[in-house]
Amino acid sequence: MPLSDIMKGVRVVWAWWVWFWFRPIQAGGTGVMRVLMGVMMVMTTIDIFPDLAILVGPDGIYSEASASRGVRLARWTYFDHIPTMSGVYAAHGLALVANVLFMLGYKSRTMGLLSVIAHAALYQRNAWFMNGGDRLVREMTFYLCLVPCGAKYSIDAWLDQRKRHRKGLRPRGTPTVPIVAMRLIQIQLAFMYVLSGIEKWASGSWQRGSAVYYSLSTDNYSRSDWLVSPLLDTRIGYDITQIGTIVTLYWECWFWALVLWRPTRWLALVIGVLLHGGIHLGLMVAFFSFASMWGYLAFLPYDWVERLVRWWRLRRSVG
Amino acid sequence: MIRSAYRVVMSLFLIAYLATGYASHNRQDETWGAVYRQFRWMHTTLCFWQNWGMFAPPPGSTSWLLLEGKTADGATVSIEPLMRPVGEDYFRWRYDRRQKVALSSYQKSRKALRKAIAKNACHRSKEAGVPVVEVKLIRDRTWSRRPKKRWADPEGVGRKKTTELGTFKCP
């Protein structure tokens with residue numbers, strides 16, 4: 001094959017690759033997602049404050065346990081070098097500041113990365129108090145930081161506009177960001193569901209349809225005994241949990257295909273919202289449900305925020 | 001120029017990152033195992049694990065971790081658990097991270113975690129003015145009942161079992 005043909009092929013593949021990973025999209029969606037993820041980060045950090053001494057404090061439950069879990073391969077955490085509880089509170093307080101600045105969009109990417117590092121430092125100190133929702137929050141924040149997530153709805157954007165105004169320059173047009181963060185969020189969610197689905201598929205209680213019943217039956221995870229008792233104490237309630245089990249199993253296994261095909265995308269997302277809403281109502285899973293549903297925003301049309309703003313302005317002008 | 005460099009660097013990152021995610025679930029394979037060993041730092045450094053087997057299988061019981069201390073004169077005292085068992089008609093707003101620690105400690109291989117919990121219990125007991133010389137960890141477990149049994153008697157209680165998870169000397 002002549003070299004020119006090979007180069008042509010490489011160029012075609014690269015063009016597709018660039019279109020898939022790097023084509024510009026309007027920045028509104030990423031901006032809104034940054035704000036919402038920032039809220040989750042802030043809430044997680046605040047939520048850990050009351051238990052900080054026991055979970056990561058110098059006299060708490062920490063290094064031995066985490067070190068033996070496998071993170072010893074890449075173990076690092078600044079908490080190992082803070083000998084006093086006041087130092088631990090100060091470090092956690094600084095993490096909260098980074099979270100708030102990420103949410104507000106001041107030096108967005110830097111603050112986002114600092115938030116991820118602070119979150120991972122907690123995990124590295126004591127891996128046992130965090131769950132899948134925490135991991136999802138950490139990963140999704142990192143993906144957002146791969147693009148200029150503060151291009152809109154942020155202090156960064158406001159400062160930039162002010163600077164341009166002072167210099168007598170025209171305001172920037174509609175800002176755009178590479179699509180790569182959205183793609184990673186989409187892939188992360190699809191990968192998470194398919195892995196979860198495969199593991200559930202191998203479990204007898206998921207095959208028999210009793211998994212949701214047993215999940216709600218345990219006081220360790222149940223949000224409220226009186227809230228779930230109508231589902232657990234009656235035949236019809238059990239039938240509902242069986243439907244929930246089967247829908248969850250098949251939906252998780254096929255989520256990737258359902259969102260890939262545009263006609264079924266909305267169906268997949270609506271089922272996801274209902275399932276995660278139900279999970280959050282019935283089970284204690286921290287921010288797992290919110291972080292998952294947050295990820296669904298990456299499957300909406302990439303200019304959904306701009307469309308919404310246009311619609312709102314039009315509605316106001318007509319009114 | 002900067003945009004092209006960003007795309008090339010990011011492309012290399014994406015390939016390695018996604019390949020590591022896939023390889024983490026195919027570690028037994030010779031090729032993917034090698035990929036995972038080479039690039040696992042991308043996941044381990046910031047703890048981006050890809051383990052998503054939530055509720056597979058679902059828990060079949062409720063367990064509470066109880067802590068029992070022994071003082072220097074041989075008296076047995078109960079120590080405040082990481083999380084108290086819930087009572088009747090409960091409703092929880094907040095995810096209890098202490099309970100997550102307790103739930104993680106039941107697996108047989110996690111002796112280091114149980115030891116860490118005991119060490120912390122020693123510290124808390126000393127702070128409370130009741131120094132102890134050793135701490136015993138006890139798992140109080142109640143199995144969930146099968147649906148038909150529950151419908152027949154909603155107020156009933158499932159099978160119970162208490163297991164000692166080990167006794168640890170205080171430092």
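**Exercise 1. Strand pairing in chain B**

Task: In this predicted model, state in which sense β1(B) and β3(B) pair and over how many bridges. Then do likewise for β3(B) and β4(B).

Solution: 
1. Take β1(B) with strand β3 (residues 134–143) of chain B. They pair in the antiparallel sense, over ten bridges.
2. Pick one partner pair. Trp64(B) has Asp140(B) in β3(B) as its bridge partner.
3. Move on to strand β4 (residues 160–169) of chain B. β3(B) pairs with β4(B) over nine bridges, again antiparallel.
4. Thr167(B) in β4(B) stands opposite Lys136(B).

**Exercise 2. A helix pair in chain A**

Task: Describe how helix α2 (residues 28–48) and helix α5 (residues 85–104) of chain A cross, and which residues make the contact.

Solution: 
1. Start with the axes. Those of α2(A) and α5(A) come within 8 Å and cross at roughly 165°.
2. Apply the cut-off. Angles over 145 degrees count as roughly antiparallel, and α2(A) and α5(A) are therefore roughly antiparallel to each other.
3. Assign the hand. The crossing of α2(A) past α5(A) is left-handed.
4. List the contact residues. α2(A) supplies Val35(A), Gly38(A), Val39(A), Met41(A), Val42(A), Thr45(A) and Ile46(A). From α5(A) come His92(A), Ala95(A), Leu96(A), Asn99(A), Val100(A), Phe102(A) and Met103(A).
5. Sort by class. This contact of α2(A) with α5(A) has ten nonpolar residues, four polar and no charged ones.

**Exercise 3. The contact between the chains**

Task: How many residues does each chain give to the contact, and which elements of chain B take part with two or more residues?

Solution: 
1. Count by chain. Chain A gives 63 residues and chain B gives 53.
2. Locate the chain B side. The elements giving two or more residues are α1 (2–23), α3 (41–44), β1 (61–70), α4 (97–104), α5 (111–127) and α6 (147–152) of chain B.
3. Sort that side by class. The side of chain B that touches chain A has 27 nonpolar, 16 polar and ten charged residues.

Notes: Residues numbered from 1 in each chain as written. Chains lettered and ligands numbered in written order. Predicted model: local features only at pLDDT ≥ 70, side-chain atom pairs only at ≥ 80, totals over all residues. Axes fitted to C-alpha atoms, helices over the stretch in contact; angles between N-to-C directions. Helix = DSSP H or I, 4+ residues; strand = E, 2+ residues; numbered from the N terminus. Parallel < 35°, antiparallel > 145°, perpendicular 65-115°, else oblique. Left-handed = near helix turned anticlockwise from the far one by under 90°. Contact = placed C-beta atoms within 7 Å. Nonpolar A, V, L, I, M, F, W, Y, C, P; charged D, E, K, R; others polar. Pairing = 2+ DSSP bridges.
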